[in-house]
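Please look over the sequence and the three-dimensional structure shown here, and then read the report that follows, which takes up a few local features in turn.

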Amino acid sequence: MRYSIPYLGYIVALGIVPFLYTFVYFGLNLSQSLTSLSTLPISEVFWNTVIYAGLTAIISALIGLILAVAVDILPRGKLIVSLLIMLPYTLPFTSAALVWSISLYANYGWFSYLFHLKFDPLNIPSLAIYGVTMVSIWSTIPLTFLITLTALRSIPSYVKENALLDNLSLSEYYGKIAVPMVGKAFWLAFLLAFLSALGNFDIPYALTEGGPGFATTTLPLLVYYEIIDLGNFSGGALVAALLSVMASIPAILILLISRSKRSGFISLSLRIPDRVFKPLMYVILGISLFFLVFPVYWMGLVAFRHSSLDFRSPPVIVPAGLTTKYFISTLDQSIPYIVSSVVVAVLASLLTIFVSFPSGYEISRGKGRWILPVSIYLYSLPSASYIIPLFIFFSSTNLMNTWWALIISTPIFTATYAVWLFHNNYLSFPRAYDDVAEVFQIKRRLLRVVMPLSRTSVFSVFLLSFILNWHLLFYPLILTQTPYNWSFPPEGAETVTVFALAQIYYRTINWALVASAALVAALPVMVVTIITLSRILKGDRSGGLKFI
């Protein structure tokens with residue numbers, strides 16, 4: 001297990017120890033923790049979290065499945081349509097929240113006007129949690145779609161051909177054969193969507209800051225408020241521990257599903273004639289594409305037009321009064337934040353490859369197999385599960401507000417995920433290469449033999465790690481205070497997602513500045529994401545990745 005030593009050292013120091021210390025911390029201060037939380041509506045916050053995560057997982061998994069089937073039956077244009085469906089995934093959660101904040105604006109936002117809403121649902125206590133959840137569903141559908149579609153495309157072509165030769169309609173083929181065969185992928189997508197929403201801090205915080213009152217406050221937001229606003233680390237640790245316990249159940253289910261050989265999905269008896277089934281799926285696909293793509297179009301439109309066109313009813317949805325001054329101004333202000341995001345994302349991704357690549361390869365060869373379930377479990381935990389011990393550690397070592405705090409801490413999410421991907425990839429890696437290296441006594445065969453033959457998978461994992469690190473808000477918001485000040489040694493480490501978030505907190509009524517900030521935060525990683533997704537969706541070996 002010598003290849004896994006750096007990885008084990010990392011996950012123990014930055015994952016297992018902080019996770020366990022969170023429980024120890026509130027345990028040592030239990031009475032203080034309980035007292036500090038007694039004045040808060042914990043039950044309301046708990047149910048907000050359950051509603052937010054539960055509805056996000058259920059609806060996004062079902063829509064993702066339907067869209068995957070719709071794309072699978074397309075005669076042509078699968079890649080283009082798939083990339084359009086994946087557009088929301090290219091936006092950081094912060095940018096998505098900014099876009100929807102101006103889409104839901106009473107009577108003037110495109111969504112509010114379309115559904116004749118004379119009020120902003122985010123300002124109504126009884127509706128706010130559902131508005132925030134809708135944005136979460138919009139952001140999560142691409143994830144469930146991607147996992148389900150890649151599973152559908154892995155079904156051998158002869159299975160469908162034989163089913164059609166037996167006079168099964170398309171609805172019967174998908175209901176009785178294809179969908180049951182990808183049941184494992186469906187449940188994995190459901191659980192990953194649930195865990196993503198359970199630990200998601202960005203969307204509720206950026207849209208409502210947990211308000212009105214506590215109407216949209218979820219457990220991750222409560223952890224943040226306890227630490228930053230109240231300085232109550234024991235109360236924050238208690239909430240973080242509760243969140244970790246909640247996440248442990250779906251995390252364990254993911255472990256069981258990943259090991260299971262059964263699909264776990266029942267057969268559906270659908271008997272719809274093809275002449276009806278196909279148009280129905282195309283209509284659903286068209287409507288879904290509108291709601292998935294139009295907010296991204298709205299972001300670009302508002303960012304590049306004069307602000308005098310914002311508060312019109314009906315909203316102006318065609319390009320008019322175009323100008324680049326808002327975008328250029330925002331881009332100029334954001335440069336220090338972009339520098340931090342680039343440095344952190346690149347170096348954290350390199351650290352991810354350094355520790356996860358050797359370990360993923362070694363696990364695939366049957367050594368230290370217990371490392372994989374531990375990695376999946378750590379990856380499944382919310383970021384709040386680790387933050388309090390890390391905050392205390394970085395504060396005591398003067399690493400707060402530095403690039404190093406983010407570079408060291410964020411790979412706990414990307415490295416654990418990368419080990420999972422590398423393990424899946426190397427299960428099919430020919431063992432003949434190992435035998436040849438053994439016969440010829442090649443030293444450092446991991447670097448001289450395995451890595452050169454794995455360039456595509458290493459590059460793909462690097463890109464995915466870059467995307468995940470760029471999207472982060474919770475850690476940068478807590479571990480940094482100022483933007484990079486162009487000094488050396490570097491001081492200040494606020495990222496571009498923090499910059500984008502600040503625009504909405506200025507409570508400006510200039511939508512162009514809000515949309516420009518969202519676009520600035522999203523544009524670089526949109527390009528990287530589209531390149532990465534196009535490789536994955538092509539479904540050939542050059543993509544170098546296997547999710548299941």
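Helices here are DSSP runs of H or I with at least four residues, numbered from the N terminus. The structure is a predicted model, in which local features need pLDDT of at least 70 and side-chain atom pairs count only at pLDDT 80 or more, while totals for chains, interfaces and linings use all residues. Residues are numbered from 1 along each chain as its sequence is written, and side-chain values use heavy atoms, with hydrogens and water left out.

A cis peptide bond also joins glycine 211 and proline 212, with omega about -5°, and proline 212 is found in the loop between helix H12 (202-208) and helix H13 (219-229). Asparagine 107, in the loop between helix H6 (93-103) and helix H7 (110-114), has a positive phi of about 70° although it is not a glycine. Such sites are worth noting because most residues other than glycine have a negative phi, and most peptide bonds are trans.

## Two helix pairs

Helix H14 (residues 233-259) and helix H18 (residues 384-396) pack at an angle of about 150°, with their axes 8 Å apart; axes are lines fitted to C-alpha atoms, for helices over the stretch in contact, and angles run from 0 to 180 degrees between N-to-C directions. H14 is therefore roughly antiparallel to H18, a term that applies to angles over 145 degrees. Phe233, Gly236, Ala237, Ala240, Leu243 and Ser244 of H14 make the contact with Ala384, Ser385, Ile388, Phe391 and Ile392 of H18, where contact means heavy atoms within 4.5 Å. By class, the residues of this contact divide into 8 nonpolar, 3 polar and no charged (Ala, Val, Leu, Ile, Met, Phe, Trp, Tyr, Cys and Pro count as nonpolar, Asp, Glu, Lys and Arg as charged, and the others, Gly among them, as polar).

Helix H9 (residues 157-165) and helix H10 (residues 170-181) pack at an angle of about 145°, and their axes are 10 Å apart. On the H9 side, Val159, Lys160, Ala163 and Leu164 meet Leu170, Tyr173, Tyr174, Ile177 and Met181 in H10, and this contact has 8 nonpolar, no polar and 1 charged residues.

A search of the whole structure finds 3 cavities of 30 Å³ or more; on a 1 Å grid over the protein atoms alone, a cavity is a set of points where a 1.4 Å probe fits but cannot get out, and lining residues have an atom within 4 Å of a point. Grid points are joined across faces, edges and corners, and a volume is the space filled by probe spheres set on the points. The largest cavity has a volume of about 930 Å³ and is lined by 37 residues, of which Phe93, Leu143, Ser196, Tyr379 and Leu468 lie nearest its centre. This lining divides into 27 nonpolar, 9 polar and 1 charged residues.

The second largest cavity holds about 50 Å³ of space, and its lining residues include Ser341, Asn469, Trp470 and Pro476. H16 (325-364) and H23 each supply at least two residues of that lining, with the largest share, 3 residues, coming from H16. By class, the lining of the second largest cavity has 5 nonpolar, 4 polar and no charged residues.

Conventions
1 Å grid on protein atoms, 1.4 Å probe; cavity = no way out; pocket = protein on both sides within 12 Å on 5 of 7 lines; lining within 4 Å. Parallel < 35°, antiparallel > 145°, perpendicular 65-115°, else oblique.
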